[in-house]
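I want to look up salt bridges first, then go over the ligand site.

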Amino acid sequence: MADLINLAEWQRRASIVTPRAQCFIDGKFVDAASGKTFDDISPRDGHLIAKVAEGDVEDINRAVAAARRSFEAGVWSRMAPFERKKVMLRFVDLIREHTLELALLETLDVGKPISDSINVDIASCANNLQWFAECIDKTYGELAPVPYESLAMISREPMGVVGAVVPWNYPAIITSWKIGAGLAAGNSMVLKPAEQSPLSALLLAELASQAGLPDGVLNVVPGFGPTAGAALGLHMDVDKLAFTGSGEVGRYFMRYAAESNAKSVSLELGGKSPQVVLADVGDLEAAASAVAWGVFYNAGQTCHAGTRLIVDHRIQDDLLDAVCEVAKTLWPSDPYDPAGTMGTLVDESQTQRVMGYIEAGRNEGAEVRIGGERLNVTDGGCYIAPTVFSGVNNSMTIAREEIFGPVLVSIPVDGVDEAVRVANDSPFGLAASIWSRDISTAHKAAKALRAGTVWINTFDMGSITTPFGGFKQSGTGRDRSMHSLDGYTHLKTTWLQM
Ligand code: ADP
């Protein structure tokens with residue numbers, strides 16, 4: 001769909017768009033209580049996209065109050081499942097009708113290629129919400145095996161008011177995981193998008209309202225983390241907080257819960273995912289392509305990005321040559337180029353942070369095989385070339401910390417046992433891959449890898465039908481699949497004595 005519109009036309013549309021930029025509370029767009037706004041800046045050229053309402057404690061209080069009112073009134077939580085499903089499916093239809101508008105907002109905010117925004121981000125957002133909508137009238141309770149004269153019914157009930165704090169790397173997709181499961185379960189919600197990417201969330205809320213979602217059921221408060229985000233985490237009347245973002249902020253949410261009402265918290269945090277390639281890989285070209293796409297997609301700003309290549313030393317050079325060839329085909333271009341595969345990083349500070357890691361890698365003695373530099377694709381833009389480091393050991397900073405940019409580090413190993421040991425030697429455990437022609441070796445390694453998702457002879461397969469989340473410091477709880485509904489519902493047991 002993106003390539004039906006050319007680069008110049010996308011640039012024109014981007015220059016005239018006037019996005020929704022207020023808080024969305026109780027079914028209406030309103031200014032922040034303080035009247036304050038913050039500047040939403042395009043990473044493509046540094047231009048001001050919009051002045052966005054800067055939500056803070058007072059706005060979160062209003063949004064939570066609206067969510068609580070709607071929840072207690074039962075306008076959504078007690079609506080017949082079939083009717084709730086119809087509202088959510090209308091919402092999905094409206095998202096599909098507004099695909100180009102939503103995709104443009106996503107690309108404006110975060111600089112991802114317009115084709116990805118259309119075909120991946122907004123398409124997945126709609127598909128995910130459709131999937132959760134379909135779950136609404138297909139989930140059943142249980143009867144427990146109890147003595148003959150008794151009945152124990154186990155049912156799932158919505159938790160109440162759910163807060164969601166989401167990041168900027170896949171704004172619409174991650175929002176769809178949280179609001180899909182949260183609304184399907186019958187909760188009322190308050191969403192705080194990242195300050196870098198508030199626009200698609202605000203339009204989504206408006207579309208949900210047009211679809212018939214009752215006022216107060218989905219509220220969106222843009223604003224900063226330490227103010228609006230913290231206010232949601234600390235709120236005494238929020239029953240559950242779903243977070244995706246950094247490990248540091250994830251820990252804050254655990255603390256906020258402990259300091260307030262012991263609310264339930266689910267965390268999807270970072271990763272440093274290993275892509276393990278053994279000497280008997282088989283199709284080296286296929287592995288190279290998967291390795292490169294696995295780290296460079298979305299300019300490396302993906303929690304489960306395969307940033308550590310753990311490769312048998314006998315094939316390292318051949319594999320890296322092939323990975324660099326693929327990297328050249330993923331070179332950044334203007335995000336509005338419909339044929340583009342990599343756009344910008346999200347903002348200037350993230351760009352400088354990633355360049356700092358590249359500097360640290362050089363200083364620690366690693367060798368840059370390709371990239372390693374900032375590019376000037378469009379004036380004032382936040383572009384970094386796909387970068388591959390070799391000569392890395394697993395204790396270097398670039399092998400241990402999450403960089404969140406287009407940077408791959410290659411760590412040579414000798415055989416499968418060392419490969420698995422190095423792969424597991426990380427505080428993170430979000431995802432991993434293993435490449436081997438020997439299915440027993442691959443399967444044994446897959447069992448030994450400590451990660452929430454393991455791919456054998458592939459990378460980055462994903463589906464709304466499969467759970468997503470981490471082992472170790474990559475988080476708690478799961479997004480996607482029916483399992484994610486567990487995180488948005490309470491189990492209730494009702495006894496009846498006959
Ligand atoms: P990233 O490093 O990917 O930007 P963050 O964890 O900083 O990830 O941000 C993810 C989300 O958490 C954003 O919506 C951000 O506003 C929010 N956030 C950041 N800092 C805090 C904080 N101190 N308290 C609550 N939320 C926060």
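This is a predicted model: local features need pLDDT of at least 70, side-chain atom pairs count only at pLDDT 80 or more; totals for chains, interfaces and linings use all residues.

Started with a salt bridge: I find the side chains of Arg-20 and Glu-206 paired, N to O at 2.9 Å. Arg-20 sits in the loop between α1 (7–16) and β1 (23–25), while Glu-206 belongs to helix α7 (residues 199–210), so this pair ties together parts 186 residues apart in sequence. With a cut-off of 4 Å from a Lys or Arg side-chain nitrogen to an Asp or Glu carboxyl oxygen, I get a count of 28 salt bridges.

Next, the ligand. Where does the ligand sit? I checked the pockets, and the ligand is in the largest pocket. I list 19 residues around the ligand, and the closest are Val-166, Trp-168, Glu-195, Ser-246 and Tyr-256. Sorted by type, the shell gives me twelve nonpolar residues, five polar and two charged. I also looked at which elements contribute: α8 (225–234), β10 (240–244) and α9 (247–259) each supply at least two residues of the shell.

Trp-168 puts a polar side-chain atom 2.8 Å from a ligand oxygen. For Lys-192, I read 2.9 Å between a polar side-chain atom and an oxygen of the ligand. Gly-225 uses its backbone: a polar atom there is 3.2 Å from a nitrogen of the ligand.

Last, how much of the ligand does the protein bury? On its own the ligand exposes 540 Å², and I have 82% of that buried by the protein.

Conventions
Residues are numbered from 1 along each chain as its sequence is written. Side-chain values use heavy atoms; hydrogens and water are left out. A residue is near a molecule or strand if one of its heavy atoms lies within 4 Å of it. A polar contact is a pair of N or O atoms within 3.5 Å; within protein, one must be able to donate a hydrogen and the other to accept it, and residues adjacent in sequence count only if both atoms are side-chain atoms. Accessible areas come from the Shrake-Rupley method with a 1.4 Å probe; for residues, only the protein chains shown count as cover. On a 1 Å grid over the protein atoms alone, a cavity is a set of points where a 1.4 Å probe fits but cannot get out, and a pocket is an open set with protein on both sides within 12 Å along at least five of seven lines; lining residues have an atom within 4 Å of a point. A molecule sits in a cavity or pocket if more than half of its atoms lie within 2 Å of its grid points. Helices (H or I, at least four residues) and strands (E, at least two) are DSSP runs, numbered from the N terminus. Ala, Val, Leu, Ile, Met, Phe, Trp, Tyr, Cys and Pro count as nonpolar, Asp, Glu, Lys and Arg as charged, and the others, Gly among them, as polar.
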